[in-house]
Amino acid sequence: MKLWGGRFTKAENELADSFNASISYDKRFYRQDIAGSIAHVTMLAARNIITEEERDTIVRTLNQIRDEIDEGRLEITDDYEDIHSFVESVLTERTGDTGKKLHTGRSRNDQVALDMKMYVRDEVKNTDALLKQLLTTLLKLMEEHIDTFMPGFTHLQKAQPVTLAHHIGAYFEMFRRDRGRLHDIYERMNYCPLGAGALAGTTYPLDRDMTAHLLDFYGPTLNSMDSVSDRDYVIEFLSALSTIMMHLSRFCEEIILWNSNEYKFIELDDAYSTGSSIMPQKKNPDIAELIRGKTGRVYGALMQMLTTMKGLPLAYNKDMQEDKEFTFDAIDTVKGCITLFDGMVSTMKVNKKNMEISSQRGFTNATDAADYLVKHGVPFRDAHSIIGRLVLTCIDKGISLDELPLEEYKKECPVFEDDIYEAISLKTCVELRKTTGAPSRESMEKTIRLEREYLDFD
């Protein structure tokens, strides 16, 4: 069934018909389409455009159609151009002329704009819920590893000692910002386009505030041309999804490194690893690698949407049908990646000993050794040079600063005493960093408390 045709004298070319159809992918928002139709006819009856009896018949039948699709008793087939024509066709088959009144005062343009916006709105909330669960997992890991020392890196070179809690906390902040972006998108997008018509409204006395309220929008959109041609919220959502994937990919890159034989900081659970078809010793971090790889797929969806929209004049153009397939794919990809990543990090084993040894052998306490000299009156630039020479000595001897004899320290600077070893211990290096956001237990306990309050309040 077509929702158009009176103007045409011959059938659409079969290939063109298939090329034009969208039901193979827009059928996934049948629930949004039906909800929008129920709100529309409820408003039509309230405005005396249709009768209450007609409204009740249509609403009852639409609910039946939705339930039958949910239960698998009614199949959405490719015999129809799109989900809108499928729903309206089944409705008309079951209710006759009454069903034909469903589309009064409505265009497919504002109908599809509504369906897409409601679908994206639902997925914004679903994605946010998955991120909240991931944050809960990360916070648990932070609580467990507040005293797990590890090297912090810059340029992939060991820099200063931190804790695993502090390192994971950086990603907590990233995903927390991701949730903030989703909230912002929701606030901007939550206005209802239904009632905008094809582009210029309608002569019927519609109550757009009523339909907006029935569909849980803040209110109606204020320009009918923008209402049917706006896909900013899709672009914003794809941008937010791309940022989420970038954060997941960065974390996966670190997990892949940590899981390697060279680091051995963690071991991934067998459930999130695979083997080799030829090398029996292999245990590969394939899930982390695939999440990293799928990031480009989501980036591609964002670029495709930006490219689709960049040259479109007002108002609706058929190009905008291309907003769906890759958006749906990006949504499915991100939700799947968040879920898998959550399971992967919640089951990985942490090798605390290897992390601590790596910190000790990487001269991550060199800055603290320089600070020791500064506290004893040595200018920082001189202290920096002295410790640099001591690091060279340690490299030549194959030892760490912790293992360097005191006489070697005194050769470079006589102010060194036995307390240098306490000053450069990992525990001291970490615990003296007490400023907000730093890795000390005191600072991390404060941060964890604030993050817990954030999750509990939300």
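User: Which handedness does the crossing of α6 and α10 have in this predicted model?

Analyst: Local features of this predicted model need pLDDT of at least 70, side-chain atom pairs count only at pLDDT 80 or more, and totals for chains, interfaces and linings use all residues. Residues are numbered from 1 along each chain as its sequence is written, and side-chain values use heavy atoms, with hydrogens and water left out. A crossing counts as left-handed if the near helix is turned anticlockwise from the far one by less than a right angle, and as right-handed if clockwise; for α6 and α10 the crossing is left-handed.

User: At what angle do helix α6 and helix α10 pack?

Analyst: Helix α6 covers residues 108-144 and helix α10 residues 232-258, and their axes lie 11 Å apart. The two helices are roughly parallel to each other, a class that takes angles under 35 degrees. Their packing angle is about 25°.

User: Is Ile338 buried or exposed, and with what relative accessible area?

Analyst: Ile338 is found in helix α12 (residues 325-347), and Ile338 touches Thr127, Leu130, Leu131, Leu134, Ile244 and Leu248, not counting residues up to four places away in sequence, where contact means heavy atoms within 4.5 Å. Buried means under 20% relative accessible area and exposed over 50%, with partly exposed in between (1.4 Å probe, protein chains only). Ile338 is therefore buried, with a relative accessible area of 1%.

User: What distance separates the C-alpha atoms of Ile338 and Leu134?

Analyst: Leu134 is one of the α6 residues that meet α10, and Ile338 touches Leu134 as well. Although Ile338 and Leu134 are 204 residues apart along the chain, their C-alpha atoms are separated by 7.3 Å.

Notes. Axes fitted to C-alpha atoms, helices over the stretch in contact; angles between N-to-C directions. Helix = DSSP H or I, 4+ residues; strand = E, 2+ residues; numbered from the N terminus. Parallel < 35°, antiparallel > 145°, perpendicular 65-115°, else oblique.
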